[in-house]
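Dear colleague,

I am passing on the structure we spoke about, with notes on what turned up in it. Please read them with the structure open.

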Amino acid sequence: MRYLLTLVMLAVLAVPAYAAFEGPNSGQSMGGFQGPTGGVQADTVKKAQSSWDDAPVVLTGNIVERLAGSDDKYLFKDATGQIIVDIDHEIFAGRTVTPQTRVRLSGKVDKDMMEPVKIDVKVLEILK
């Protein structure tokens, strides 16, 4: 009985934790900070490609395709170029994104030797 009660409590407490922050432009009034993001080193693909490893970035543009052979790597495009972005399935939080959907991605630059520069995405906002 104690195990059942523990499982029920965990399930009840996990539901609010599962809800994802969708940012200030998501169209939902769930609260959260609405204002500028400080400490960003790159706001375009071109700047991100020349930034250092782990530099914080916020990119606005479109995810144009999923890369073959990968569940979490996509090609992102803005007005300055294209870059590979690594977006875990949980970051989508059940939302559908198409190549026509304008998004804002927040994350950090991931530079590995002998591999192209990638962005490790932590937050995905759908823009209206």
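**The aromatic pair**

Searching the whole structure turns up 1 aromatic pair. Its members are Tyr74 and Phe92, arranged edge-to-face, with 5.6 Å from centre to centre and 70° between the planes. The two residues come from distant parts of the chain, 18 residues apart: Tyr74 lies in strand E2, and Phe92 in helix H3 (residues 89–92). Please keep in mind that this is a predicted model.

Is Tyr74 buried or exposed? Tyr74 has a relative accessible area of 12%, and since buried means under 20%, Tyr74 counts as buried. Phe92 is likewise buried, with a relative accessibility of 12%.

**Overall make-up**

The protein has 3 helices and 5 strands. Read from the N terminus, the order of the elements is α-α-β-β-β-α-β-β. Of its 128 residues, 33% are buried. The exposed surface comes to about 8,600 Å², and 58% of that is supplied by carbon and sulfur atoms. Among contacts in the protein with a separation of 6 or more, 52% are between residues 24 or more positions apart.

**The barrel**

The 5 strands form a closed barrel in the order E1-E2-E3-E5-E4, and the pairing is mixed. From one strand to the next, the twist averages 55°.

- E1 with E2: strand E2 covers residues 73–78 and pairs with E1 in the antiparallel sense, over 4 bridges. Ile63 has Phe76 in E2 as its bridge partner. E1 and E2 make a hairpin with 6 residues between them, and Gly69 in the turn has a positive phi of about 85°.
- E1 with E4: strand E1 (residues 56–66) runs antiparallel to E4, and 7 bridges join them. Here Asn62 has Arg102 in E4 as its bridge partner.
- E4 with E5: strand E4 (residues 102–110) and strand E5 (residues 118–126) are paired in the antiparallel sense, with 8 bridges. Lys108 is opposite Asp120 in E5.

Regards

Note on methods
Residues numbered from 1 in each chain as written. Predicted model: local features only at pLDDT ≥ 70, side-chain atom pairs only at ≥ 80, totals over all residues. Heavy atoms only, no water. Pairing = 2+ DSSP bridges. Axes fitted to C-alpha atoms, helices over the stretch in contact; angles between N-to-C directions. Buried < 20%, exposed > 50% of the residue type's maximum accessible area, 1.4 Å probe, protein only. Contact = heavy atoms within 4.5 Å. Areas by Shrake-Rupley, 256 points an atom, 1.4 Å probe, with all protein chains shown as cover. Phe/Tyr/Trp six-rings, centres within 6.5 Å; stacked < 30°, edge-to-face > 60°.
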